[in-house]
Amino acid sequence: MIIPQFNPVASNKIQTFEVVKAHLETQYTRPWLFVLDDAEDLKFLLGDPIRPDSDSFRLMDYIPFAAHGQVLITTRQSKLVGEGIVPPQNGIRVGEMTVEDGLLLLEKCIPPALTSQSPKAMCREFLDMLGGLPLAIVQAASYMREEQCPMEVFIALYKDLDNHDELFKRKATSVDKEQKTVLLTWEMSYRKIAGPSYPESKSQPAMILDLLGFLDSQSSTLRGLSEGEYVFRDQDGPTPIDNIENLFPLQECPATLLSEVYSNHLKRKPSHHLQLSIGPLCNYSLVTSRECWVHPVVHSWISRRLPIEERHKYVTWLAKHLLSKIAIADKGPQDDWEDIVLGAEVRKLVMDELMPQRHALVVKGHAFSNAMTEYMRARQLPSLDFAELLYQVGRMLASAGKTERAIKYLERSISAMQDDMNHCPRGLIAEKKVFLSKVRSRTMPPAEATLEAETCAQDFASLHATVWWAECLRKEGRLDESLQLFRNIMDAYSIDRVQNFQRYKETFAATVGAVFVLAAKGDVESKAEARRIIDHSIAPFIRGMPRGHMLKTILYPGLLIRRVEVAESEVADGGNDQVKALDEMVMHDTTYLSSSLAGGYPDTWRTRIDDLRQENKRDVIEHVAQKYVESRLPILDIMKTSVRISSTDASDKLHALWSEVDDWCSIYNHLGRAYSERQAYEQAEKAHGIALALWLFLYPQGRQSADFRSNLWGLDRALLYQRSPSAEAKRRDLECSFSELFEQERLARLTRRRH
């Protein structure tokens with residue numbers, strides 16, 4: 001643009017701005033776009049806030065405004081919106097690049113040879129890793145281009161934080177004329193918020209940003225997951241949170257965890273508040289929101305730029321705080337009963353400790369880095385808090401079924417405690433060694449696991465180890481030896497005094513274990529002893545627990561099924577002990593489970609019957625399933641519900657109904673098989689027939705499932721073994737209607753036999 005009256009030699013800065021502004025505002029000037037790029041200096045833009053009436057220069061006074069022109073300002077200073085330059089309605093927050101736009105930018109920056117072998121999923125991981133930041137994408141592409149580095153190699157390098165300085169030092173000339181790197185841009189912003197005394201001292205906002213470098217950071221695509229979904233996002237197959245996903249809240253943001261750390265270490269006056277310190281971080285876009293989510297590349301830069309002394313200080317603060325949260329979870333309303341609820345301990349851990357786990361995994365990485373280890377060893381600093389945090393991370397991973405990683409962390413934590421014996425009690429280490437051995441035994445054959453448990457019980461003389469030893473013997477089928485160990489504990493700590501259950505939880509575990517052994521033995525005397533223990537010791541204790549306690553909701557239903565298994569066939573008063581046990585079992589579920597659309601609680605009941613099938617408890621399945629099916633609604637009522645839901649387009653509710661119908665079908669299939677196994681073929685035909693009707697009328701999609709084919713096969717066998725003309729005619733009709741499915745089931749069974 002050439003302005004005739006402008007003399008660049010004679011003009012000073014003010015005259016330059018005045019001439020440009022006047023020219024652009026003239027109505028005869030052609031339409032224009034005025035771009036003010038990288039507007040970061042508020043004092044230069046808006047003037048001195050301390051002396052607002054002074055004659056100091058303000059760039060905003062020279063920004064042209066005209067109907068035939070547009071002004072575009074790019075900035076990370078959110079204060080410019082609504083401060084006189086940009087009306088609030090015109091401010092636009094530019095978010096992270098979408099995956100599609102990121103892929104287009106990547107294609108422009110990298111030669112095809114470096115990406116042609118990279119699957120689309122890898123490209124998405126690459127973009128997600130860089131948080132959709134265009135400057136970071138361009139700089140990463142510059143490194144790959146100059147080093148001829150394939151994408152998979154760059155991803156591997158990126159996962160090692162020590163490589164980040166090298167990866168992002170390239171100049172992004174295609175998008176930044178001043179050739180600033182990502183790291184330099186953020187460093188400039190950090191110095192602004194740190195205050196004029198930096199580096200001798202720094203502001204609270206700067207220290208908050210420092211702390212965020214040691215907490216969990218993740219891309220925006222993962223922030224919408226619940227706590228449970230996030231932890232188990234990479235696990236194939238069943239997870240410990242199956243069927244309870246809806247119980248999990250969204251992930252807690254870093255700001256929530258930092259609020260208490262701020263109060264303990266940074267708050268100087270009662271009027272100070274964490275949100276006041278977060279404000280400047282938002283203004284400079286160092287955090288993406290007041291929830292304090294940090295861009296992934298910023299996250300790695302924060303911790304690496306700090307000296308080791310500051311890193312140690314921040315990691316120590318966070319380790320103590322995370323341990324306090326885990327300790328609170330242990331001492332909460334469940335009273336640390338998770339180790340006693342055999343086979344279901346993970347649920348309490350998952351519910352209470354997911355949020356600490358996410359952050360603890362990040363903190364432990366910094367706490368046990370080579371630099372931190374050398375720093376602490378040279379100054380003989382205590383490491384017990386770090387070791388305890390690592391142990392808790394290992395314990396949580398073990399509860400989540402991630403055994404190999406759990407063993408690694410548990411071993412390292414115990415080693416660190418042994419290196420710091422001046423601060424760690426010897427008895428504490430012994431208990432932790434027992435837990436480590438217990439986790440290791442998961443990868444062993446039953447006989448080796450029993451030997452490991454016996455060694456621990458003898459070496460450490462621990463109640464916990466003795467209970468574990470008895471459990472291993474039970475699982476190995478050595479019932480008499482197992483029962484003797486359980487009885488030794490029960491005799492030492494009287495089970496007639498329920499206070500001992502609360503005080504010595506291992507006594508309760510031994511008592512529950514004894515019931516399972518006695519039920520498995522199955523003779524008259526064993527069943528009688530099991531009934532006495534449940535009725536006079538365990539049941540009164542559990543009933544006295546608060547409503548919703550995990551012993552009531554998780555452990556007790558299984559014990560009620562054992563009570564059905566050991567029920568007395570005849571009682572003196574003429575009542576039916578088994579009927580009473582079945583009624584109590586269903587009554588308990590009615591109290592604690594949410595009602596279903598198809599009647600009863602088929603999802604939970606199906607799981608229990610599946611477990612009984614694994615144990616080959618045919619008689620128990622028959623009695624329990626017979627009681628369960630009394631709660632199912634009539635087929636016609638379920639059909640009406642299905643029609644009503646379909647008319648409202650409530651697809652989630654309809655899928656829930658289908659799932660319940662499928663569960664009921666599975667329960668009837670199990671019931672039919674139980675009848676067949678005791679040669680009650682007409683009853684088996686009826687049970688399999690109801691399952692078939694439910695599938696065909698209410699969930700026809702289920703015809704493709706293995707359960708449907710299994711039920712068809714069971715119905716066919718029930719008809720075959722009746723050996724009557726009418727049954728044979730029904731069998732021919734069935735074969736004609738489902739010939740293809742019968743053939744698939746025959747092939748599947750033949751394959752299983754061969755294997």
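1. In this predicted model, helix 19 (residues 384-399) packs with helix 20 (residues 403-419) at an angle of about 160°, and their axes are 8 Å apart. Angles over 145 degrees count as roughly antiparallel; helix 19 and helix 20 are therefore roughly antiparallel to each other. Their crossing is left-handed.

2. The contact between these two helices can be listed by residue. Helix 19 contributes L384, A387, E388, L390, Y391, V393, G394, R395, L397 and A398.

3. Aromatic pairs in the structure number 14. One of them joins Y601 and W605 in an edge-to-face arrangement, with 5.3 Å centre to centre and 85° between the planes. Y601 and W605 are both buried.

4. A further edge-to-face pair is formed by W695 and F708, at 5.3 Å centre to centre and with 75° between the planes. This pair links distant parts of the chain: W695 belongs to helix 34 (residues 681-698) and F708 to helix 35 (residues 706-720), 13 residues apart. W695 and F708 are buried.

5. Y601 and W605 also belong to a cluster linked by ring pairs, together with Y628, W664 and Y668.

Methods. Residues numbered from 1 in each chain as written. Predicted model: local features only at pLDDT ≥ 70, side-chain atom pairs only at ≥ 80, totals over all residues. Heavy atoms only, no water. Phe/Tyr/Trp six-rings, centres within 6.5 Å; stacked < 30°, edge-to-face > 60°. Buried < 20%, exposed > 50% of the residue type's maximum accessible area, 1.4 Å probe, protein only. Helix = DSSP H or I, 4+ residues; strand = E, 2+ residues; numbered from the N terminus. Axes fitted to C-alpha atoms, helices over the stretch in contact; angles between N-to-C directions. Parallel < 35°, antiparallel > 145°, perpendicular 65-115°, else oblique. Left-handed = near helix turned anticlockwise from the far one by under 90°. Contact = heavy atoms within 4.5 Å.
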